[in-house]
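Biologist: I am new to this structure. Please show me how to read its features, one at a time.

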Amino acid sequence: MPLALNGSGITNGIAIGYAHIMRQGVGDIARFDIAPEDLDNEVRRYLAAVELAISQLHTIRADIPKHIPKDVAAFIDTYLLMLDDDALKTGPVHHIQEQHCNAEWALQIQCSAIESVFQEMQDPYLKTRIDDINHVVNRIQRILAISEDSDRTETILPAQTIIIADDLSPAETLTFLHDQVAGIVLQGCAPTSHTAILVRSLGIPTIIGVDHALQLLQEREPVVIDARKGVILAGLDIEQTAHYRLLLRREKAAAQTALRSVRLASVTLDGIKVALRANLELPHDLKLAQTMHAAGVGLYRTEFLYLGGLVASEADQLRAYSRVLKAMPRQPVTIRTLDIGADKNFEDAATTSNSALGLRAIRLCLKDQAMFKVQLRAIHRAAVYGQTRILLPMVTALPEIQDVKRLIRECVAELARKGIKHKSRLPLGCMIETPAAALTAAQLAPHIDFFSIGTNDLIQYTLAVDRTESSVNYLYDNCHPAVLGLLDHVLKVGTRTGKSVALCGEMAGDPFFTRFLLAIGLREFSLHPINLPEIKNIIRTSKVSGMQRMARRIINAASPQEARFLIRTLNAS
Ligand code: PEP
Ligand code: MG
């Protein structure tokens, strides 16, 4: 009888492999007495494990692909520094010698001691560094667990490994590049966390929010994950596994076919042009956006420049934005200003009790205006290289837009005064991701140049469902009539006021909604470039005229279930 666990797929793709259970911390370690004559051997065993961990990390460091941002790679340096520190190098050695215990146990007590020091720290950012210590300690423990006769120069994780963990840091995720990980299953993790962004960019099939995965799955158990459906299957028989192998082969073939059609125009059967722009998260996505022939960038999430709570300098930001603009000089590149806080952990925001409703995004930027002006200056300077647009996240009311405009004026005046090359007037857009912005879009319209709907947050705020909270995931429903009604409303406001409306939340890349969105008038989709071929294919095989009646029925549906049923009918027509 197969075991099926459900969660939310944050990538597409099927993976077939063997579970590798990664527990946080080292709680299951047993203590053994070591005879006095064997103590030197045990110390040598420990130091050899540390040396191997160091050499593995050096290899990972050397193999990091160029597209991975420097900040992420810097985590590996942090690990290396920790491995070189006496706390990890000689601390456990003393425990072995003094307590006559095995290396694993010695490392565990040392780790607990370090953990308590970190817990006492006032600085919330430093406090979170305990995750890095755990990563390093787990790495050494895994090496210690390898039998004496195995080839220690091999990578620790065998090919086709499917990681099962509670959560992962971006740096841990990065080390999987070296380990040929086939898929990832996490009990926790937010769909828009840095880890989620990274796995999407790396194209690793990943499912998050899977309750009890650590208890229910066994080490080295064969598992299949279907990330699109958000399901993990174990205990499949030969026929069922063969079925998934077939699906995997078809998926690869379909991806190849889709790739061949990316040059074709994005136009419906009845001749309606639809702009398919890219959401950029990692620099790597830029290359993918170009490969997929994206019509520019609809959402450049700049949070990655602030990874780990570090504020990127104006020069760093200028470099990052210019690179994207130079790569796409003739198409719009929409740079969203910093959206840190809430699910995109940042030290200040992490300290508030309900960070999704707290000091995040535009609120944080308007509070720390010096930091915000660094970004605004960098954007205006980079703008000389292409068609830059600025997009403001999490707007709830007009004064926020007016405050930003004032800051922009100040930045432009400063740049002009100093004779620094820049563009002074850039299109300014407002994200519609709060019900307040959606309902007052008509009042906001005269003050901005374009709208972009962020359904990820709009759904969270409309339905009062924390998008990072797995216990209420079942209520996070894109098909809720309240959500669909707001989308329809904003598109109508756009038509009435002559302001373009894009959609840049995950819904834009979900093939289930493509026809519905076309039917209610969406003409600009911004999505992760990996999804672009599939969405283009649906656009090219859809006829919008004639869909309006069904669109009205969907908008007026009494329940999410009814709306979903009607959308399915629309898709089948
Ligand atoms: C959204 O909320 O839909 C969005 C695009 O922004 P993010 O996912 O980065 O919060
Ligand atoms: Mg958002």
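Modeller: Start with one residue. Thr-78 lies in helix H2 (residues 70–84). Helices (H or I, at least four residues) and strands (E, at least two) are DSSP runs, numbered from the N terminus.

Biologist: Is Thr-78 buried, exposed or partly exposed, and what is its relative accessibility?

Modeller: Buried means under 20% relative accessible area, exposed over 50%, and partly exposed in between, with a 1.4 Å probe and protein chains only. At 26% relative accessibility, Thr-78 is partly exposed. The C-alpha atoms of Thr-78 and Ile-133 are separated by 9.5 Å. Along the chain, Thr-78 and Ile-133 are 55 residues apart.

Biologist: Before we go on, what should I know about the model and its conventions?

Modeller: The model is predicted: local features need pLDDT of at least 70, side-chain atom pairs count only at pLDDT 80 or more, and totals for chains, interfaces and linings use all residues. Residues are numbered from 1 along each chain as its sequence is written, chains are lettered from A and ligands numbered from 1 in the order in which they are written, and side-chain values use heavy atoms, with hydrogens and water left out.

Biologist: How many helices and strands does the chain have?

Modeller: The secondary structure comes to 25 helices and 16 strands. The chain has 573 residues, and 55% of them count as buried.

Biologist: What share of the contacts with a separation of 6 or more joins residues 24 or more positions apart?

Modeller: Contact means heavy atoms within 4.5 Å. Of the contacts with a separation of 6 or more, 70% are between residues 24 or more positions apart. Take Leu-527, in strand E16 (residues 524–527). Leu-527 is buried, with a relative accessible area of 1%. Beyond its neighbours within four places in sequence, Leu-527 has contacts including Leu-276, Ala-278, Gly-509 and Ile-535.

Biologist: Now polar contacts. Which side chain makes one with the side chain of Glu-281?

Modeller: A polar contact is a pair of N or O atoms within 3.5 Å; within protein, one must be able to donate a hydrogen and the other to accept it, and residues adjacent in sequence count only if both atoms are side-chain atoms. Glu-281 makes its side-chain contact with the side chain of Arg-301, at 2.3 Å. Glu-281 sits in the loop between strand E9 (275–280) and helix H12 (283–291). Glu-281 is buried, at 3% relative accessible area.

Biologist: Which residue is joined to His-95 by a polar contact of side chains?

Modeller: Gln-110, at 2.8 Å. His-95 belongs to helix H4 (residues 91–99). Its relative accessible area is 18%, so His-95 is buried.

Biologist: How do I read a metal site?

Modeller: Look for the donors: N, O and S atoms within 2.8 Å of the metal (3.2 Å for Na, K and Ca); water is not among the atoms, so sites may look incomplete. Here the magnesium ion (ligand 2) is coordinated by Glu-433 (OE) and Asp-457 (OD), at 2.1 to 2.2 Å. Glu-433 is in the loop between strand E13 (428–432) and helix H18 (435–439), and Asp-457 is in helix H20 (residues 455–463), so the pair ties together parts 24 residues apart in sequence. Both Glu-433 and Asp-457 are buried.

Biologist: And how do I describe two packed helices?

Modeller: By the angle between their axes and the distance between the axes. Axes are lines fitted to C-alpha atoms, for helices over the stretch in contact, and angles run from 0 to 180 degrees between N-to-C directions. Helix H13 (residues 314–327) and helix H16 (residues 369–382) pack at about 40 degrees, with axes 8 Å apart. Among the residues making the contact are Leu-318 and Tyr-321 of H13 and Val-374 and Ile-379 of H16.
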